[in-house]
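Here is a friendly first tour of the structure below.

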2 protein chains.
Amino acid sequence: MPVLSGRGSFETALRAAAEAVEAELAHCLPEGSGRIGRVFDAMRYAALGGGKRLRAFLAIETGRLFGADPAMALRAAAAVEMVHAYSLVHDDLPAMDDAAMRRGRPSCHAAFDEATAILAGDALLTLAFQVLAAPEPIVDPALRTALVLGLARAAGAEGMVGGQMIDLSAEGADLSLEELTDLQARKTGALIRFACEAGAMLGHAGRAEARAVAAFAEALGRAFQVADDLLDATGDAARTGKDAGLDSDREKVTFVTRLGVDGARREAQRLADRAIAALEPFGARADLLRDTARFAIARDH
Amino acid sequence: MPVLSGRGSFETALRAAAEAVEAELAHCLPEGSGRIGRVFDAMRYAALGGGKRLRAFLAIETGRLFGADPAMALRAAAAVEMVHAYSLVHDDLPAMDDAAMRRGRPSCHAAFDEATAILAGDALLTLAFQVLAAPEPIVDPALRTALVLGLARAAGAEGMVGGQMIDLSAEGADLSLEELTDLQARKTGALIRFACEAGAMLGHAGRAEARAVAAFAEALGRAFQVADDLLDATGDAARTGKDAGLDSDREKVTFVTRLGVDGARREAQRLADRAIAALEPFGARADLLRDTARFAIARDH
């Protein structure tokens with residue numbers, strides 16, 4: 001396993017970002033009462049209290065790299081986490097991946113019911129655009145509209161939804177490495193990339209800087225997915241919070257079935273190295289982002 | 001039945017708006033190919049070729065009333081129709097209203113499958129925000145972001161999704177007239193109101209004008225829903241394209257069960273009159289919008 005440079009400070013920063021975005025999400029997600037309250041309860045259940053908040057961390061850290069207003073970056077981070085949470089709620093539905101557990105507790109439809117989970121996902125997706133478009137804290141309407149556009153592209157039929165569509169329709173099919181890479185670039189890569197782009201946008205990054213961040217984000221997203229497949233193939237349920245081996249049970253093609261365990265480990269390392277190399281223009285200021293790439297392939301959950 | 005003033009010109013205008021928004025939707029919705037193409041196919045199936053396009057007509061006509069750029073109003077109309085289409089796709093799902101037919105043909109999940117319908121709905125909702133946030137044809141970013149915000153509020157947990165949540169959780173419950181009115185204001189009223197507000201926003205309507213349009217839209221939305229309940233109770237499936245009596249089969253409270261057929265007819269007329277009265281400041285320029293209120297309660301499908 002590679003060693004994190006300054007692991008302590010990275011983990012502290014990751015935890016601090018998670019706490020900050022948790023508070024921002026709690027602020028953006030009203031508590032429900034009455035009959036309508038059920039959908040707010042389900043939204044809070046799905047969006048609060050879970051996950052590493054890696055996407056939020058990326059938005060916050062790239063924002064910091066470019067001197068973005070922290071409150072604005074935090075808002076973008078919350079919007080990204082809402083979209084991530086909605087995608088998990090819908091992916092877990094019986095008609096999709098049919099997962100009863102998520103992050104070590106019942107998935108949203110298991111805790112509530114299927115109809116409520118569908119609606120909570122819909123409402124989380126909608127709220128993500130609402131909180132980005134709101135006049136506070138992101139004052140400049142040009143920035144708000146650019147963020148809405150970027151998030152919609154990352155989340156929609158060309159991005160995350162399209163990736164899930166390919167994934168579902170590929171079940172049992174013998175995807176090539178290129179097809180698998182395209183699938184994952186959409187399904188998980190697009191939102192990770194948008195998180196980084198949002199921070200760069202809010203910090204008014206120049207064109208070359210934005211390109212460097214995009215290259216970092218793309219390699220990071222791929223490294224993360226290869227590592228995820230490794231965890232699914234070799235991890236245990238107690239740590240990941242989901243059933244290990246679920247992918248192979250369904251005869252799904254993953255980076256591990258395509259490359260083997262050793263090949264996938266080498267590929268993850270190669271991608272993490274590439275992500276780190278992309279940050280070269282930023283010097284030591286980007287050390288926490290470099291640690292993210294190391295973390296992506298070293299994590300055990 | 002009340003008689004439409006200038007019925008011919010209203011129906012011509014309604015048809016012209018439907019054709020224009022159909023073309024705009026076809027332009028915004030790419031055709032699919034490959035594995036990812038399935039979600040594009042389902043989006044087109046759900047959004048194209050159906051419905052009266054009343055919401056689109058309202059966005060276009062209120063835009064015209066205030067001299068908005070027609071291309072901009074048409075874009076807003078398309079975004080509203082995407083959200084309407086997504087809501088029908090998700091409402092029809094087995095876990096929700098479980099409707100196999102919609103507009104006289106198989107509903108989206110019946111024509112494709114449940115997972116594809118969930119994804120197509122998600123992607124239509126996302127695309128609605130994307131096409132509003134795009135730099136063309138609505139050039140001013142402040143307008144774009146105001147439209148995104150308004151659409152998100154109308155569609156989200158406080159609006160349309162919240163209305164559907166109340167509707168589902170109220171099944172079998174003895175809703176009061178006030179509760180039913182609140183439910184419908186969210187479930188169908190909010191999007192109708194946003195369609196009208198979008199036209200007013202794009203035409204830079206003044207505050208008093210915008211208030212008049214909002215009052216029109218609110219009364220119109222209510223009139224439309226009361227008339228819908230009348231159609232469901234008394235209409236036939238061949239005309240409405242759905243099973244008549246579906247609501248009463250499920251012991252759902254509607255305006256007809258609350259007010260009786262005659263009472264509901266009087267209420268629809270009262271609301272249409274109120275909608276028409278709200279347009280008083282605009283004189284003859286608002287005649288087509290007045291006809292919309294007459295149409296809402298006189299239609300047979």
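Two residues are in contact if their C-beta atoms, placed from the backbone, lie within 7 Å. By that rule, the contact takes 42 residues from chain A and 42 residues from chain B. This is a predicted model, in which local features need pLDDT of at least 70 and side-chain atom pairs count only at pLDDT 80 or more, while totals for chains, interfaces and linings use all residues. Residues are numbered from 1 along each chain as its sequence is written, and chains are lettered from A and ligands numbered from 1 in the order in which they are written. Helices (H or I, at least four residues) and strands (E, at least two) are DSSP runs, numbered from the N terminus.

**Where the chains meet**

- On the side of chain A that touches chain B, the elements giving two or more residues are helix 2 (37–47), helix 6 (114–133), helix 7 (141–155) and helix 8 (160–169) of chain A.
- Helix 6 of chain A gives the largest share of that side, twelve residues.
- Helix 8 (residues 160–169) of chain B is mostly covered, with eight of its ten residues buried. A residue is buried if 20 or more other C-beta atoms lie within 10 Å of its own, exposed if 12 or fewer, and partly exposed in between, with C-beta atoms placed from the backbone.
- Among the buried residues of helix 8 of chain B are B:Met160, B:Gly163 and B:Ile166.
- Those buried residues pack against helix 2 and helix 6 of chain A, together with helix 4 (70–91), helix 7 (141–155) and helix 9 of chain B.

**Helix 6 of chain B**

- Of the 20 residues of helix 6 of chain B, 19 are buried, so this helix is largely enclosed by the rest of the structure.
- Its end C-alpha atoms are 29 Å apart, which agrees with the 28 Å that its 20 residues should span at 1.5 Å a residue. The expected span of a helix is 1.5 Å times one less than its number of residues.
- B:Ala133 is found in this helix and counts as buried, with 27 C-beta neighbours inside 10 Å.
- Not counting residues up to four places away in sequence, B:Ala133 touches A:Thr145, A:Val148, A:Leu149, A:Ala152, B:Arg144 and B:Val148.

**Helix 13 of chain B**

- Helix 13 (residues 255–278) of chain B has 24 residues, but its end C-alpha atoms are only 23 Å apart, short of the 34 Å that a straight helix would reach.
- This helix bends by about 95 degrees at B:Val261, where the bend is the angle between axes fitted to the seven residues ending there and the seven starting there.
- The buried residues of helix 13 of chain B include B:Phe255, B:Glu267 and B:Leu271, and what covers its buried residues includes helix 9 (177–202), helix 10 (207–234) and helix 14 (287–298) of chain B.

**Helix pairs in chain B**

- Helix 4 and helix 9 of chain B pack at an angle of about 165 degrees, with their axes 10 Å apart. Axes are lines fitted to C-alpha atoms, for helices over the stretch in contact, and angles run from 0 to 180 degrees between N-to-C directions.
- These two helices of chain B, helix 4 and helix 9, are therefore roughly antiparallel to each other (angles under 35 degrees count as roughly parallel, over 145 as roughly antiparallel, 65 to 115 as roughly perpendicular and the rest as oblique).
- Where helix 4 and helix 9 of chain B meet, the residues include B:Met72 and B:Val80 in helix 4 and B:Leu191 and B:Phe194 in helix 9.
- B:Val89 is found in helix 4 of chain B and is buried, with 29 other C-beta atoms within 10 Å.
- The axes of helix 3 (residues 54–65) and helix 14 of chain B come within 9 Å and cross at roughly 150 degrees, which makes this pair roughly antiparallel too.

**Backbone details worth a look**

- Most residues other than glycine have a negative phi, and most peptide bonds are trans.
- A cis peptide bond joins A:Glu136 and A:Pro137, with omega about 0 degrees.
- The peptide bond from B:Glu136 to B:Pro137 is cis, with omega near -5 degrees, and B:Pro137 is found in the loop between helix 6 and helix 7 of chain B.
- A:His204, which is not a glycine, has a positive phi of about 50 degrees; with 13 C-beta neighbours inside 10 Å, A:His204 counts as partly exposed.
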